[in-house]
Amino acid sequence: MIHSPKIKTSPWAAETSNLHCPRCDSTYLHQKYVDIFARGEDEKVVTHINVTNIEGDAAISSARKDREHVRNPSSRRDGLVIGFWCEGCGGGDAERVLELTIAQHKGCTEIGWRFKEGS
């Protein structure tokens, strides 16, 4: 997995900006899913909720409690993952997905990208 802290945006309207793809710099990103990880500080059990956009209809595809969930971007607390596919550099298959990660660490909110190497 490649991890990148480079979050690029460009102004779009008075109150918004467009997010850029970390691979090809395109602004044509489509949200695919959201993973929510709820975890008290250093707790062993993480509540993981996945919401997937299926043909324009949101569906909660899973909600479960896991031990030490490896996809949580935070090693100790709560985290969010928003999965995207990019029109500029690839379709929506699992090998090309981009993940915008948001994690809490020691009172700070950390944001970054992760995606498979070579994709």
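**Note on an all-strand predicted model**

1. E2 and E3 form a hairpin, with two residues between them. Strand E2 covers residues 9-13 and pairs with E3 in the antiparallel sense over four bridges. Two strands pair if DSSP finds at least two bridges between them. Thr 9 has Leu 19 as its bridge partner in E3. Strands (E, at least two residues) and helices (H or I, at least four) are DSSP runs, numbered from the N terminus.

2. **What kind of model this is.** This is a predicted model: local features need pLDDT of at least 70, side-chain atom pairs count only at pLDDT 80 or more, and totals for chains, interfaces and linings use all residues. Residues are numbered from 1 along each chain as its sequence is written, and side-chain values use heavy atoms, with hydrogens and water left out.

3. **Overall build.** The protein chain has zero helices and nine strands. Along the sequence the pattern reads β-β-β-β-β-β-β-β-β. Of the 119 residues, 32% are buried. Buried means under 20% relative accessible area, exposed over 50%, and partly exposed in between (1.4 Å probe, protein chains only). The accessible surface comes to about 7400 Å², and 53% of that belongs to carbon and sulfur atoms. These areas come from the Shrake-Rupley method with a 1.4 Å probe; for residues, only the protein chains shown count as cover. Among contacts between residues at least 6 apart in sequence, 48% join residues at least 24 apart. Contact means heavy atoms within 4.5 Å.

4. **Main core.** Which residues make up the largest nonpolar core? There are ten: Cys 21, Leu 29, Ile 82, Phe 84, Cys 86, Cys 89, Leu 98, Leu 100, Trp 113 and Phe 115. E7, strand E8 (98-105) and strand E9 (108-115) each supply at least two residues of this core. The largest share, three residues, comes from E7. A nonpolar core here is a set of buried Ala, Val, Leu, Ile, Met, Phe, Trp, Tyr and Cys residues joined through side-chain atoms within 4.5 Å. In soluble globular proteins, nonpolar side chains tend to be buried together.

5. Leaving aside neighbours within four places in sequence, Ile 82 is in contact with Gln 31, Tyr 33, Val 34, Leu 98, Glu 99 and Leu 100.

6. **Cysteines.** A disulfide is a pair of cysteine sulfur atoms within 2.5 Å. By this rule the count is zero. Cys 108 is partly exposed, at 44% relative accessible area.

7. **His 20.** This residue sits in the loop between strand E3 (16-19) and strand E4 (29-38). Is His 20 buried or exposed? At 9% relative accessibility, His 20 counts as buried. The His 20 side chain makes a polar contact with the side chain of Ser 10 (3.0 Å). A polar contact is a pair of N or O atoms within 3.5 Å; within protein, one must be able to donate a hydrogen and the other to accept it, and residues adjacent in sequence count only if both atoms are side-chain atoms. The His 20 side chain also reaches the backbone oxygen of Asp 25 at 3.0 Å. Not counting residues up to four places away in sequence, His 20 touches residues including Leu 29 and Trp 113.

8. **Arg 77.** Arg 77 is found in the loop between strand E6 (57-67) and strand E7 (79-86). This arginine is buried, at 14% relative accessible area. What does the side chain of Arg 77 make a polar contact with? The partner is the side chain of Glu 41, at 3.1 Å. Beyond four places in sequence, Arg 77 touches Arg 39, Glu 41, Asn 72, Gln 104, His 105, Lys 106 and Gly 107.

9. **Backbone points to check.** Most residues other than glycine have a negative phi, and most peptide bonds are trans. Asp 42 has a positive phi of about 60°. Asp 42 lies in the loop between E4 and strand E5 (45-54) and is partly exposed at 39% relative accessibility. Lys 106 has a positive phi of about 50°. Lys 106 lies in the loop between E8 and E9 and is exposed at 61%.

10. **Trp 12.** Trp 12 lies in strand E2. Trp 12 is exposed, with a relative accessible area of 64%. Leaving aside neighbours within four places in sequence, Trp 12 is in contact with Ser 17 and Asn 18.
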